[in-house]
Amino acid sequence: AVRAQAARAGIPIEPGTSTRRGCLMPAAPGSDCWWRSVGVWRATRLLLCLAAVLAAFWAYELGWAWEFQGGLAKLCFSILDVEYDNGGGTYLPLPFVRGYWVEACKSVFAELGGEQQALIQALYNKPLHFSVLHSQMRLASVGAAPAVVARSRREELRKAILESRPRASAPRGPGRENLTQQVLAQAGGMDVDWLRMHGSLDLLGPPSREPVVDASEVGLALKEGRLVRFDATKVLPAKTFNVTLEKLSLLHGAGGDSISILAYHHEAKGCRQQAYERRKTNPVGAMFCPPMPTLGDARKAFPDPKQMPMASRIALRRLPKYIDEEAMLSKLGLVEGVERPEGQIIMGHAMGDTHWDEQDNIFIQVSGVSAVFGVPADYADAVDGGTKSAKSTGLNWDDWLKADQVRRTAIPWYYMVLKPGDGIAIPSRALHAVYGGHNRASLQTFLEPEYKGMRWGTNEHSYWYKESDTRQAVRNLIFKTVGRLWETRRVGIVAQGGIIEYL
């Protein structure tokens with residue numbers, strides 16, 4: 001019928017032309033006949049193919065592929081949920097990076113020592129969970145974080161400190177007026193809101209005077225668990241200090257402005273954290289999140305060299321022409337037992353709470369002003385023995401001291417105002433809090449241990465002295481994998497609730 005109608009209308013029909021559903025075929029793309037010719041069966045087949053591709057991608061990204069594969073691959077994927085540090089999770093930035101992580105983890109595992117491999121292999125047949133593992137590593141097969149001190153022992157320590165009152169015999173440091181003037185001298189005329197806490201010095205009295213050592217003795221001090229101050233100009237070149245956003249960018253040439261910044265209050269950080277929280281049903285990760293801000297963005301937003309972007313960090317491995325961490329640690333005598341440094345440059349205003357970290361920590365002021373409150377690690381068991389890991393107390397330094405009689409009246413504590421060139425070494429589990437002016441930039445380097453590394457008998461208060469072999473074996477695997485992922489793919493992971501990037 002169609003052919004007859006075409007013949008009466010004088011429309012030529014080409015050889016090979018057919019008819020379907022009342023249309024001459026092939027029909028012109030986009031015409032009514034073309035759409036009708038597609039048919040439900042073609043659309044269904046297309047949707048099924050698309051669904052199969054998405055399902056495969058979903059299984060790969062959400063870990064089901066590793067679940068079925070089992071063994072080391074399953075464990076490597078699962079340890080992404082292990083939270084050794086502050087809660088908030090670890091998240092990776094793009095699709096397929098989870099596969100890169102497993103690839104890097106397996107290659108690292110092959111290079112581990114036999115004892116460490118055996119401890120990890122023993123986990124293969126134990127239950128591993130993909131659920132959100134809040135708090136300190138609730139991965140059942142690895143074991144809970146160690147209890148740092150028994151309650152009865154803690155009470156014995158507190159009683160002994162109240163009787164001996166070591167603060168009374170400790171050298172006294174500067175008083176309120178002196179400390180305030182030190183801060184104002186380095187603040188660049190900008191407001192320092194945390195100076196109001198200096199009023200508590202009238203009640204608490206002046207701090208103890210912190211010990212000062214030569215830079216070459218820092219390694220020995222950390223081995224002995226001593227919180228000390230040192231001159232960082234002896235181990236770092238002049239270009240390290242009085243740094244600005246512009247100087248950081250120019251040091252790295254044409255690509256300087258493209259160096260990414262982890263800005264805690266930026267929308268990109270919030271989006272990435274949501275991607276982590278929804279990772280069980282979100283296979284695309286943070287692919288659709290806004291890009292991370294860069295040094296170039298920060299330079300435009302903060303043209304005044306005296307002001308730094310608030311609560312912002314750059315991992316030091318993104319700034320290779322600015323600092324050589326390995327050379328710095330060597331000069332500080334910090335080589336033995338250290339697997340890798342994980343350093344950041346931290347910028348802008350800070351109002352920290354009192355907490356402690358698992359890792360030994362090097363903190364160096366490079367621009368502006370900071371003040372660091374610190375308590376010798378010797379007293380960690382007595383004044384905060386119930387804390388199992390790097391949990392924050394939520395208290396400013398003065399409120400933390402006032403909240404407990406032992407803290408307020410008996411233990412020594414330090415309050416250190418830092419100008420560019422000043423450094424401090426903070427031992428594992430030494431309670432501290434950091435306060436920064438709007439113009440400040442500080443270097444913070446966490447020292448990640450080798451397997452069974454940094455377990456020094458001269459510092460019984462160290463977290464590594466208390467950590468189990470299995471947990472340290474897994475932690476070492478994690479951080480070696482972090483390094484391999486950066487070296488091979490130039491991808492970092494963000495942890496501790498989005499405040500730090502490990503490379």
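Visitor: Which residues of helix α9 are buried?

Guide: Please bear in mind that this is a predicted model. In general, an α-helix has 3.6 residues a turn, so residues three or four places apart point the same way. In helix α9, residues 176–186, the buried residues are Leu 179, Thr 180 and Val 183. They cover an arc of only 100° around the axis, and therefore lie on the same side of α9.

Visitor: Against what do the buried residues of α9 pack, and which exposed residues does the face turned away from them carry?

Guide: The buried residues pack against α10 (201–204) and β10 (414–418). On the face turned away from the buried side, α9 carries the exposed residues Glu 177 and Ala 185. Following α9 comes Gly 188, with a positive phi near 65°.

Visitor: How do helix α6 and helix α20 pack?

Guide: Two packed helices are described by the angle between their axes and the distance between the axes. Here α6 (residues 114–121) and α20 (residues 469–489) pack at about 100°, with their axes 9 Å apart. That angle makes α6 roughly perpendicular to α20. To the contact, α6 contributes Glu 115, Gln 116, Leu 119 and Ile 120, while α20 contributes Asp 469, Thr 470, Ala 473, Asn 476 and Leu 477. By class, these are 4 nonpolar, 3 polar and 2 charged residues.

Visitor: Which residues of the largest nonpolar core touch the most other members?

Guide: They are Ile 345, Ile 364 and Trp 397, in a core of 73 residues. A second, separate core has 29 residues, including Phe 77, Ile 120, Leu 123 and Ile 493.

Definitions and conventions
Residues are numbered from 1 along each chain as its sequence is written. This is a predicted model: local features need pLDDT of at least 70, side-chain atom pairs count only at pLDDT 80 or more; totals for chains, interfaces and linings use all residues. Side-chain values use heavy atoms; hydrogens and water are left out. Axes are lines fitted to C-alpha atoms, for helices over the stretch in contact, and angles run from 0 to 180 degrees between N-to-C directions. Helices (H or I, at least four residues) and strands (E, at least two) are DSSP runs, numbered from the N terminus. Angles under 35 degrees count as roughly parallel, over 145 as roughly antiparallel, 65 to 115 as roughly perpendicular and the rest as oblique. Contact means heavy atoms within 4.5 Å. Ala, Val, Leu, Ile, Met, Phe, Trp, Tyr, Cys and Pro count as nonpolar, Asp, Glu, Lys and Arg as charged, and the others, Gly among them, as polar. Buried means under 20% relative accessible area, exposed over 50%, partly exposed in between (1.4 Å probe, protein chains only). The arc is that of the directions from the helix axis to the C-beta atoms. A nonpolar core is a set of buried Ala, Val, Leu, Ile, Met, Phe, Trp, Tyr and Cys residues joined through side-chain atoms within 4.5 Å.
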